[in-house]
Amino acid sequence: MCGTTAGCDGCPIASDFYLAETLGSLEVGAKATVRRLASAKGGDLRKLLALGVLPGVELEVERRWPAMVVRMGYATVALDQGLAAGVVVSR
Amino acid sequence: MPATTEQAPAGSWLLVGAPNVGKSALFGRLTGHYATVSNYPGTSVEVTTGERRTTGAAIRVTDSPGIYSLLAVTEEERVARRAALGDGATLVQVVDASHLDRALPLTLQLLSLGKPLVLACNYLDEARARGVVPDVGALAERLGIPVVGTVATTGEGVDALAEAAASARSPADGWGTPQPFAAVLDGFAEGGAERLEAELALCGDPELEPLLAARSSERWRAAVRLRDAQWPTAEAFAVALATARRRMALALLDGVVPDAPQVRRRHQALDRLFLSPWTGIPIVLLVLYLGFYKFVGQFGAQTLVDWIERVVFDRWLTPYATAGTRAVVPWAPVADLLVGPYGLFSLGVRYAVAIVLPIVASFFLVFALLEDSGYLPRLALLLDRGLKRIGLSGRAVIPLVLGFGCNTMATLVTRTLESRRERVIVTLLLALAIPCSAQLGVVLGILSVYPSAVAVWAGVLLGVFVVVGWLAAKLLPGEPPSFFLELPPLRRPLLRNVLLKTGTRVRWYFAEIFPLFLLASVILWVGDLTGALRWATALLVPVVRSIGLPDGAAPAFLYGFFRRDFGAAGLFDLARAGVLGPAALTTAAVTITLFVPCVAQFLVMRKERGLRTAVGVLVTATVVAFAVGGAVGWVLRNVGGWA
């Protein structure tokens with residue numbers, strides 16, 4: 001463990017202990033950067049990759065209900081809480 | 001790096017790209033044909049091929065389903081991937097000019113194939129409005145391939161794109177897999193589909209990984225060993241590789257795309273109204289009421305049907321056709337084949353053109369408007385939570401809504417769903433509880449005299465939909481689906497596109513059903529001539545009686561075997577004749593709607609889901625139809641005011 005709390009881009013060590021915040025926990029209007037994809041299932045991961053949710057991507061939460069609506073640049077994507085919970089972010 | 005510069009086989013182009021980038025509209029511009037284009041992910045399910053005829057030889061142009069990345073999620077994305085990796089066509093990647101950063105990773109993957117590639121930056125008009133027009137010249141120089149700005153809806157830049165595609169050569173520069181990932185793939189030669197397939201398999205692709213693992217070549221095992229030595233899982237490898245490609249893409253775009261301030265999405269306020277359940281649900285109901293009940297149900301199924309049937313057929317066509325045929329063909333049974341009660345003209349053509357055509361055409365018109373405006377993805381998001389209860393995700397909205405137009409077409413579109421479980425549930429619900437537009441129009445037409453009958457009918461169908469969906473989700477094994485979807489901007493539908501699309505769908509529908517209508521006429525004619533029809537009707541009478549209907553309803557059920565709408569149209573005649581009262585009509589409408597799918601739908605179910613599932617759906621639909629129909633009939637007969 002390097003002990004960092006920032007979690008450098010693509011860091012394989014940084015754990016959820018340091019980066020507890022996920023996309024699913026962000027409130028409406030919050031801006032954050034994706035740090036890591038923590039989805040357990042390969043299928044979920046491929047969906048996030050298809051949407052372009054990747055480490056380093058900056059996003060803004062527009063809506064949480066009935067599903068998450070997230071803006072990334074000029075694109076807007078919708079995803080459910082299950083998928084959003086697997087995206088570790090930092091502000 | 002094989003820096004090939006040989007001339008590509010200029011004979012064929014393949015359009016690839018993400019959903020909602022205007023691929024199909026561009027296809028229409030290039031070929032003059034029209035594929036169904038829409039503002040929704042997943043409406044071109046199969047590849048569509050057309051021809052471009054210019055001064056030289058004809059060029060084959062193929063459109064493929066939308067794909068974000070070659071790491072495919074759904075069956076239709078696999079169709080697109082197979083097309084892209086397959087033949088030697090020149091690839092034309094269509095991208096949204098405002099979203100280059102999202103599209104370029106796919107460009108880099110495609111470049112590694114070493115095939116001729118052209119980039120079409122579409123929706124240049126929207127990029128202009130946002131002030132983010134890319135420098136296509138600089139991008140072309142960096143990538144070493146032609147890059148052309150286009151506006152498919154107006155035709156701008158289309159000729160330049162065609163010119164670029166016709167003269168495109170294999171990219172001179174090698175765009176292989178970035179390091180350190182390339183080292184893992186050392187055993188596979190660069191610049192070919194094989195290496196890219198190996199890369200996708202190493203990323204854990206559910207189709208390709210088992211394929212390569214089964215072959216178990218030495219180089220594959222070596223690649224797996226190298227991957228496992230550096231990355232904990234296939235998923236970690238996939239994310240790391242995708243991240244590396246994204247960085248490459250951003251570096252390439254540096255200076256190509258202006259740094260414009262982040263502007264809000266267009267129609268932001270309207271979008272909020274669509275997406276918030278408080279306003280969104282009333283809007284859905286309003287759309288259903290105006291679009292489907294008022295326009296399809298009343299204008300299409302009543303006003304138009306009445307006019308075509310009573311004026312065009314009864315006054316203009318039928319008298320002459322009947323008199324003419326009887327005069328020319330003296331032998332009555334043969335004349336009956338054309339103009340008798342089950343004649344090709346009087347039954348087949350009349351039902352198809354006078355009853356079904358206006359209803360189906362008006363439905364597809366409304367659907368095309370909803371599609372092109374970008375409303376459907378909003379609907380998917382709104383209904384996601386509700387659909388999760390019945391084992392589906394918001395994505396299932398598309399086939400379900402399309403089912404109200406044509407269940408057969410909708411069954412094909414279930415390919416856009418991710419898991420087999422979702423596909424089976426939607427197939428079952430389509431066959432059972434979703435009436436197609438022809439049925440819907442006819443049933444609404446019959447029942448509209450009794451508003452409470454419409455309410456009972458709709459309530460029963462909704463109940464069956466929810467209960468059967470809930471049970472299917474409980475009984476079918478598999479994981480609950482997750483919901484993910486890109487929301488395209490809300491766009492004003494172009495009348496030209498909407499009309500062309502409606503026309504394309506109506507043509508497809510007619511090619512599919514017209515022969516069946518004629519075949520049904522012939523079978524009924526033969527049955528009538530040989531007495532088999534009376535025998536079959538007599539056989540159905542006890543079944544019809546068991547749900548409380550008069551004997552006269554039996555033929556309508558018999559017609560229902562050929563087409564669901566055919567059966568409903570049979571009921572239409574009965575209602576006109578005043579044989580059925582409100583209770584009987586409601587019972588008949590419920591049963592016919594739930595009843596077995598039409599022949600075409602059954603054939604598509606067998607093709608898409610296999611014989612076992614298709615037969616299972618058929619049996620379930622029959623049992624549920626008569627059980628529910630019987631129950632509704634019993635309740636209505638025992639409730640005051642319904643006799």
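## A strand pair across the chains

Strand 4 of chain A lines up antiparallel with strand 7 (residues 484–487) of chain B, with four bridges between them. Strands here are DSSP runs of E with at least two residues, helices are runs of H or I with at least four, and both are numbered from the N terminus; two strands pair if DSSP finds at least two bridges between them. Look at A:Val77 and you'll find its bridge partner, B:Glu486, in strand 7 of chain B.

This is a predicted model, where local features need pLDDT of at least 70 and side-chain atom pairs 80 or more, while totals for chains, interfaces and linings use all residues. Residues count from 1 along each chain as its sequence is written, with chains lettered from A and ligands numbered from 1 in written order.

## Where A meets B

In all, 28 residues of chain A touch 31 of chain B, contact meaning C-beta atoms, placed from the backbone, within 7 Å. Helix 1 of chain A gives the largest share, eight residues.

Over in chain B, the axes of helix 22 (residues 495–530) and helix 23 (residues 532–546) come within 5 Å and cross at roughly 95°. Axes are lines fitted to C-alpha atoms over the stretch in contact, with angles from 0 to 180 degrees between N-to-C directions. These two helices of chain B are therefore roughly perpendicular (65 to 115 degrees). B:Leu524, B:Gly527, B:Asp528 and B:Thr530 of helix 22 meet B:Ala532, B:Leu533 and B:Ala536 of helix 23.

Notes: Angles under 35 degrees count as roughly parallel, over 145 as roughly antiparallel, 65 to 115 as roughly perpendicular and the rest as oblique. Two residues are in contact if their C-beta atoms, placed from the backbone, lie within 7 Å.
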